[in-house]
Amino acid sequence: MAKKKKKMPGLNTSSTADISFMLLIFFLVTTSMDTDMGLARHLPQPPDPDQEDAQVDIKARNILYVRLNFEGQLWIEDETTRGYADIKELRQRVKEFVKNEQNYSKWPEKHVKILDHLGRCYVTDKHVISVQTDRGTPYDAYFQVQNELVAAYSELRNELAKEKFGREYQYLDDEIKDVIRKQYYPQNISEAEPKKYGGTK
Amino acid sequence: MVEMNTSSLPDLIFTILFFFMMVTTMREVTLKVKFVVPQGTELEKLEKKSAVSFIYVGPPTDQLRAQMGSGTRIQLNDRYAEPKEVMDFVAAERQGMQNQAEQVISIKADKGTQMGYITDIKEVLRKSWALRINYSASRRN
């Protein structure tokens, strides 16, 4: 008897591609790409209930007030000037205030600090930028102010890095970055009302 | 006529599928508020997705507006919440995290939200020791 060799029929897999395509499309629809961005901020620690007078006294010359009213209008005030301003001016004003290049007596006080890598420096690390908002202020206005403040600080740090090291801030060693960030140009942004003393009202 | 061998096509598609599964994250909640985040220039990427919790703030979506009105709402997980509930939310989120010190709260709020809501949330976050926050935004060119 001549046995015919039977070939095992293969499973038809032509639709597997379609099935996996469908899975692929399902995942594309239900997931989101990793593009979440935002402005990172640090909140101050909660007030200590045991501490009675938590108010910090700050000299008037060290404070720059940035206020936003319920319509989102910006008001900038320091010892020299006060008045409504445009959001575009804020960055420059903050930079001049924090840097106080001429050691002007109405802008933040400078004092000597010996820093690692940088040596003897005159820093204005006692300055405070006080941001005050109304309950009705639009969030967008507040966000733009925060954005400009962060921009001002990063420009200052960048300028310092270029002047001292000839490189941009982001290319410096982490150690040097830390010194600049924490000791030379610390971000002192307060969102509470600081009490002031000294100077003229 | 010789047909092209397509037996490796499924494998190929599966590879793409796995790639997408790796680089993307599941959308965890159904949004009940609608928001347009503000635009900024000094943004940082949110790293370590596992340590991030989201708080959504904005008016209810169009489908829910008839029931819920058009006032600003805060959404935690899948439901509307009051600002004081943020504390429990933060604690619950922190429970499931490996590195609790790195917890970041991302606030996704609509541009037009009144600051009162944001200030309330921030005050509660401070009390719950969730100090690292992130104002969600899109890049402005």
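A: Let's start with the chain itself. Chain A has four helices and 11 strands, and the whole thing is a predicted model. Of the 201 residues in chain A, 22% are buried. If you take the contacts in chain A between residues at least 6 apart in sequence, 66% of them join residues at least 24 apart.

Now for the part you asked about. On the chain A side, 42 residues are in contact with 48 residues of chain B. Four elements of chain A each put in at least two residues: helix H1 (16-30), strand E1 (31-32), strand E2 (37-42) and helix H3 (139-165). The largest share comes from H3(A), with 10 residues. By type, this side of chain A splits into 19 nonpolar, 17 polar and six charged residues.

Strand E8 of chain B (residues 132-136) runs antiparallel to E2(A), and five bridges join the two. One spot to look at is A:Gly38, which stands opposite B:Ser136 in E8(B).

B:Ser136 turns up again if you look at B:Ile107. Leaving aside neighbours within four places in sequence, B:Ile107 is in contact with B:Ser136, as well as B:Ile55, B:Val57, B:Ile118, B:Ile121, B:Ile133, B:Asn134 and B:Tyr135. B:Ile107 is also among the residues with the most contacts inside the largest nonpolar core, together with B:Ile55, B:Val57 and B:Ile121; that core has 52 residues. H3(A) gives the largest share of this core, nine residues. In soluble globular proteins, nonpolar side chains do tend to be buried together.

Back to helix H1 of chain A, where A:Ile19 lies. A:Ile19 counts as partly exposed because 13 other C-beta atoms lie within 10 Å, and the cut-off for exposed is 12 or fewer. For a sense of scale, A:Ile19 and A:Glu175 are 156 residues apart in sequence and 53 Å apart in space, C-alpha to C-alpha.

Among the elements of chain A, H3(A) has the highest mean pLDDT, 91, while strand E11 (residues 195-197) has the lowest, 50. Over residues 197-201 of chain A, pLDDT stays under 50, and the model has eight contacts beyond four places in sequence for that stretch.

Definitions and conventions
Residues are numbered from 1 along each chain as its sequence is written. Chains are lettered from A and ligands numbered from 1 in the order in which they are written. This is a predicted model: local features need pLDDT of at least 70, side-chain atom pairs count only at pLDDT 80 or more; totals for chains, interfaces and linings use all residues. Two residues are in contact if their C-beta atoms, placed from the backbone, lie within 7 Å. Ala, Val, Leu, Ile, Met, Phe, Trp, Tyr, Cys and Pro count as nonpolar, Asp, Glu, Lys and Arg as charged, and the others, Gly among them, as polar. Two strands pair if DSSP finds at least two bridges between them. A residue is buried if 20 or more other C-beta atoms lie within 10 Å of its own, exposed if 12 or fewer, and partly exposed in between; C-beta atoms are placed from the backbone. A nonpolar core is a set of buried Ala, Val, Leu, Ile, Met, Phe, Trp, Tyr and Cys residues joined through C-beta atoms within 7 Å. pLDDT is the predictor's confidence in each residue, from 0 to 100.
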